[in-house]
Amino acid sequence: IDLLGQAIKQARRERHLTQEQLGELVGVQKAQISKIENSIKNARLETILKVFNALGARVNFNVELV
């Protein structure tokens, strides 16, 4: 979760968006964006994917079972 929060914050800043603006794009409040970025609250995967979609980011997850 820490890495996802950092990635969201970096992408948001690179796109010159405030937390409030990103929240509006995603349909959540600014406080939830802040919590996700700071890894204070475990967000639902659906919400995280919506955030990355709003940022125009492509998300790939790799899981390897050994």
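Trainee: Where is the place of His-16?

Mentor: His-16 sits in the loop between H1 and H2. Keep in mind that this is a predicted model.

Trainee: Why does His-16 count as exposed?

Mentor: Exposed means over 50% relative accessible area. His-16 has 69% relative accessibility, so it counts as exposed. Its backbone is worth a look too. His-16 has a positive phi of about 55 degrees, although it is not a glycine.

Trainee: Is Arg-12 buried or exposed, and why?

Mentor: The cut-off for buried is under 20%. Arg-12 has 8% relative accessibility, so it counts as buried. Arg-12 belongs to helix H1.

Trainee: Which residues does Arg-12 touch?

Mentor: Leave out residues up to four places away in sequence. Then Arg-12 touches Leu-17, Thr-18, Gln-19, Leu-22, Glu-37 and Leu-55. Now turn to Leu-55.

Trainee: How many residues does the largest nonpolar core have?

Mentor: That core has 13 residues. Leu-55 is one of those with the most contacts inside it, and so are Ile-8, Leu-22, Val-26, Ile-33, Ile-48 and Val-51. Helices H1 (2–14), H2 (19–26), H3 (30–37) and H4 (45–54) each give two or more residues to this core. H4 gives the most, with 3 residues.

Trainee: What makes H1 roughly parallel to H4?

Mentor: Look at the angle. H1 and H4 pack at about 25 degrees, and their axes are 10 Å apart. Angles under 35 degrees count as roughly parallel. So H1 is roughly parallel to H4. The crossing of H1 past H4 is left-handed.

Trainee: Which residues meet between H1 and H4?

Mentor: From H1 come Leu-4, Ala-7 and Ile-8. From H4 come Ile-48, Val-51 and Phe-52. By class, this contact has 6 nonpolar, no polar and no charged residues.

Trainee: What separates the C-alpha atoms of Asn-42 and Asp-2?

Mentor: Along the chain, these two residues are 40 residues apart.

How values were computed. Residues are numbered from 1 along each chain as its sequence is written. This is a predicted model: local features need pLDDT of at least 70, side-chain atom pairs count only at pLDDT 80 or more; totals for chains, interfaces and linings use all residues. Side-chain values use heavy atoms; hydrogens and water are left out. A nonpolar core is a set of buried Ala, Val, Leu, Ile, Met, Phe, Trp, Tyr and Cys residues joined through side-chain atoms within 4.5 Å. Buried means under 20% relative accessible area, exposed over 50%, partly exposed in between (1.4 Å probe, protein chains only). Helices (H or I, at least four residues) and strands (E, at least two) are DSSP runs, numbered from the N terminus. Axes are lines fitted to C-alpha atoms, for helices over the stretch in contact, and angles run from 0 to 180 degrees between N-to-C directions. Angles under 35 degrees count as roughly parallel, over 145 as roughly antiparallel, 65 to 115 as roughly perpendicular and the rest as oblique. A crossing is left-handed if the near helix is turned anticlockwise from the far one by less than a right angle, and right-handed if clockwise. Contact means heavy atoms within 4.5 Å. Ala, Val, Leu, Ile, Met, Phe, Trp, Tyr, Cys and Pro count as nonpolar, Asp, Glu, Lys and Arg as charged, and the others, Gly among them, as polar.
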